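Have the sequence and the picture ready as you read.

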Amino acid sequence: MENTINEIKEKGYFTQEYRIVVDDNIKWIRTKILPVINSEGKIYRIVGIEQDITEQKIWKLS
């Protein structure tokens with residue numbers, strides 16, 4: 001988690017792609033995490049979005 005926070009501080013966001021197995025099928029997931037900054041300029045919360053990018057990965061590989 002510390003690496004994630006450091007990357008958010010450096011880039012302003014964190015993104016990662018990874019695979020999961022669901023019912024013997026591989027799904028590709030992209031996670032994007034963004035900070036919520038308080039009035040003092042400090043991160044007090046993070047929000048994230050996960051997206052199934054399996055079709056994009058399959059299209060790239062074919």
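Start at aspartate 24, which is exposed, because its relative accessibility is 76%. For that label, exposed means over 50% relative accessible area, buried means under 20%, and partly exposed is in between (1.4 Å probe, protein chains only). Aspartate 24 sits in the loop between β1 and β2, and its phi is positive, about 65°, although it is not a glycine.

A quick word on the ground rules. This is a predicted model, in which local features need pLDDT of at least 70 and side-chain atom pairs count only at pLDDT 80 or more, while totals for chains, interfaces and linings use all residues. Residues are numbered from 1 along each chain as its sequence is written, and side-chain values use heavy atoms, with hydrogens and water left out.

**The loop and its hairpin**

Aspartate 23 also lies in the loop between β1 and β2. Its phi is positive too, about 50°, and it is not a glycine either. With a relative accessible area of 70%, aspartate 23 is exposed. The hairpin here has 2 residues between its strands. Strand β1 covers residues 14–22 and strand β2 covers residues 25–37; they run antiparallel, joined by 9 bridges. (Two strands pair if DSSP finds at least two bridges between them.)

**The whole chain**

How many helices and strands does the protein chain have? There are 2 helices and 3 strands, where helices (H or I, at least four residues) and strands (E, at least two) are DSSP runs numbered from the N terminus. In sequence order, the pattern reads α-β-β-β-α. The chain is more spread out than a compact globule, because its radius of gyration is 15 Å, well over the 11 Å that the globule rule gives for 62 residues. That radius is taken over C-alpha atoms, and the rule is 2.2 Å times the number of residues to the power 0.38. Along the principal axes, the C-alpha atoms fill a box of roughly 45 × 25 × 15 Å. Buried residues make up 16% of the 62 residues.

**Two residues to look up**

Which residues does threonine 4 contact, leaving aside neighbours within four places in sequence? They are Phe14 and Ile33, with contact meaning heavy atoms within 4.5 Å. Threonine 4 belongs to helix α1 (residues 2–11), and it counts as buried because its relative accessibility is 13%.

Now find tryptophan 28 in strand β2. It counts as partly exposed, since its relative accessibility is 23%. Arginine 19 stands opposite tryptophan 28. Not counting residues up to four places away in sequence, tryptophan 28 touches several others, including Tyr18, Gln51, Ile53 and Lys57. Isoleucine 49 is 21 residues away from tryptophan 28 in sequence and 14 Å away in space, C-alpha to C-alpha.

**Charges over rings**

A charge sits over a ring if NZ of Lys or CZ of Arg is within 6 Å of the ring centre and within 35 degrees of the ring normal. Here are two cases to spot:

| Charged residue | Ring | Distance from ring centre |
|---|---|---|
| Lysine 32 | Tyrosine 13 | 4.9 Å |
| Lysine 57 | Tryptophan 28 | 4.5 Å |

What about rings meeting rings? A search of the whole structure finds 0 aromatic pairs. To pair, rings of Phe, Tyr and Trp (its six-membered ring) need centres within 6.5 Å; planes under 30 degrees apart count as stacked, over 60 as edge-to-face and the rest as tilted.
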